[in-house]
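Entries follow in the order I checked them.

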Amino acid sequence: MKGMAIVACQQVADVEAELRRLEAALAETRRDIAALRDDVASKLNASEASIFDAHLLVLEDVALIDDVSKEVRRTGFNVEFCFQEVAQRYIEIFEKMEDDFLRERAADIRDVTGRVLDHLLGSQPERVGRAARAHVVAARDLTPSDTAGLHDGGVLAFVTQEGGRTSHSAIMARALDVPAVVGVKRLMETVEEGDVILVDGETGLVIVNPTAETIEGYRDKEQAIRTRRDRALAEVALPDLTTDGVAFSLLANIGDPAEMEDALAYCARGVGLYRTENLYLRLDGWPDEQVQHEEYVEAVKAAKGRPVTFRTLDLGGDKRLGDLADEANPFMGYRAVRLCLERPDVFRPQLRAILRAAAHGPVQVMFPMISGVEELRRAKAVFRDVEAELAREGVRPAEPVRLGAMIEIPSAAVVADELAAEADFFSVGTNDLVQYLLAVDRGNQRVASLYDPCHPAVVRTLMAVFAAAQRRGIPAAVCGELGGDPLWAPLLIGLGVHELSMTPAALPEARFVLRHSSSAELRALAAAVVASADAGRTRALLQEFASARLKLR
Ligand code: PEP
Ligand code: MG
């Protein structure tokens, strides 16, 4: 409803108390309107004031009030939600009437019911008050720094018109553990402030102004998801072992020391990806060595002896700071290690900050957007130089810092053998690898349906990269979103990777699916996918495998 406050739907414990609130709100609205009428009558004239008599009549409409009371009793939802539902129904009925006079009454009803709703929202007890302040964010697009800034705002869900599943805003939403649907066509033409928006983050469905019945139906679904999650959560502290005792390892992707709390709560074995650029985005600027160091030390200490893998700065692409020049193709432009190798004034302080933090616990470093061996060698050389500089200052890491290459550019995948000879480990960034392999911008809604990790080229590339790591005897991990997807985790482990890193909230279900599989089943799944070489068939195989373990509905 235009101009109305956002109304959240809530189940209430005391229906009678809700109805008393309705009575009180009606009485207050009556007083307001009568006062307005008297005021206008004294300043203008009686005929001008008579409009308010029509408004008062709306409040006497027994049918409307009765419908609201019935709706509250039937659904057990909060009164402001039911009131909005019923009022909207009435407005629509009047708007469709043939008779001009009756059609104009729609505006009266809108006006008066808006006033009642204001009183209801103003009189909310703390329980509902919290929910009313909580809201769904609907936007054309959210930059990663917008999303980072929404941490404490009572955000129930995100919906954006632009963006893809692996755009950084979507990744951040996942870190916040709130439902998010991105790439919703014509969203901004469809929603208005005050709409009730139902967001189904599982299927990507967004319903604007759902009926009470739809909401009720979704409560069942929500309950089923909760049951599934609880089942996974009950086993979250169990070891990372398949049913036949083969080890795998699940780690967390974080970008803020505060996220370590969730990572540990979900029993991450360490941090497989620390997105260091998030600090830059939060500050909207270039932090110096000391500021970075303090954050890294906090993260290392919070990890309590578990390894933390710091990815060096990955600015550029969709993660932009104001003073980075605009580019025609930012994802293929001045980004990540390319920027760092050109800017020793940025790269060296960051490496110093990380290495100083490594004195407090086990740390690994990996370089993003490596395209070939030369680039990796150059990045490693800067690291070694900084390491020697710090050693001269008497600063040494607690344990040797291993250096990894992110495999997220097709050229790196093609020369994976040579890179494996230079790197201590691989971490596959599937978010970028899929976009570059398929030439599909990961943040572009118009081509989102082409961003298909089930494409056989993706599966074959992953297999080749894992095999190269195996041949050279270095560990390989996956830290892109696929790693935390319960559909994909079994395939990745089946294809030969041992470590998956994911947003903390994804850990319980990924662990559950893998712990309820044998290594032979995982290998058989991978073999079937590789043999099929068909995206649709791959999707069906993954779905079937995960459903059998999670009992997906
Ligand atoms: C990736 O590309 O898969 C990845 C993990 O890095 P980011 O999403 O930050 O680009
Ligand atoms: Mg990447």
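Before anything else, the pairing rule I work with: two strands pair if DSSP finds at least two bridges between them. By that rule strand β12 (residues 476-478) and strand β13 pair in the parallel sense, over two bridges. I looked up one such pair there and found V478 standing opposite L500 in β13.

**Ground rules.** This is a predicted model, where local features need pLDDT of at least 70, side-chain atom pairs count only at pLDDT 80 or more, and totals for chains, interfaces and linings use all residues; side-chain values use heavy atoms, with hydrogens and water left out. Residues are numbered from 1 along each chain as its sequence is written, while chains are lettered from A and ligands numbered from 1 in the order in which they are written.

**Overall.** I took helices (H or I, at least four residues) and strands (E, at least two) as DSSP runs, numbered from the N terminus. The protein chain comes to 24 helices and 13 strands. Its C-alpha trace spans about 90 × 50 × 40 Å along the principal axes. Of the 553 residues in the protein chain, 53% are buried. For the record, buried means under 20% relative accessible area, exposed over 50%, and partly exposed in between (1.4 Å probe, protein chains only).

**Barrel.** Which strands close into a barrel, and in what order? I noted eight strands, ordered β6-β7-β8-β9-β10-β11-β12-β13, with parallel pairing. The twist from one strand to the next averages 30°; the axes behind that are lines fitted to C-alpha atoms (for helices over the stretch in contact), and angles run from 0 to 180 degrees between N-to-C directions. Next I checked where β6 meets β13: strand β6 (residues 249-254) and strand β13 (residues 499-502) run parallel and are joined by four bridges, with S249 opposite E499. Strand β9 (residues 363-367) also pairs with β10 in the parallel sense, over four bridges, and V365 has L403 in β10 as its bridge partner.

**Cavities.** I ran a 1 Å grid over the protein atoms alone: a cavity is a set of points where a 1.4 Å probe fits but cannot get out, and lining residues have an atom within 4 Å of a point. Grid points are joined across faces, edges and corners, and a volume is the space filled by probe spheres set on the points. That gives five cavities of 30 Å³ or more.

Three strands make an open sheet in the order β1-β2-β3, with parallel pairing. β1 (135-139) and β3 (180-181) stand at the edges with a single partner strand each, so one side of each is left without a neighbour in the sheet. I also found a hairpin of β4 and β5 with four residues between them, where G204 in the turn has a positive phi of about 80°.

Most residues other than glycine have a negative phi. N209, not a glycine, has a positive phi of about 50°, and this residue is partly exposed at 37% relative accessibility. C267, also not a glycine, has a positive phi of about 55°, but C267 is buried at 18%.

Notes. On a 1 Å grid over the protein atoms alone, a cavity is a set of points where a 1.4 Å probe fits but cannot get out, and a pocket is an open set with protein on both sides within 12 Å along at least five of seven lines; lining residues have an atom within 4 Å of a point.
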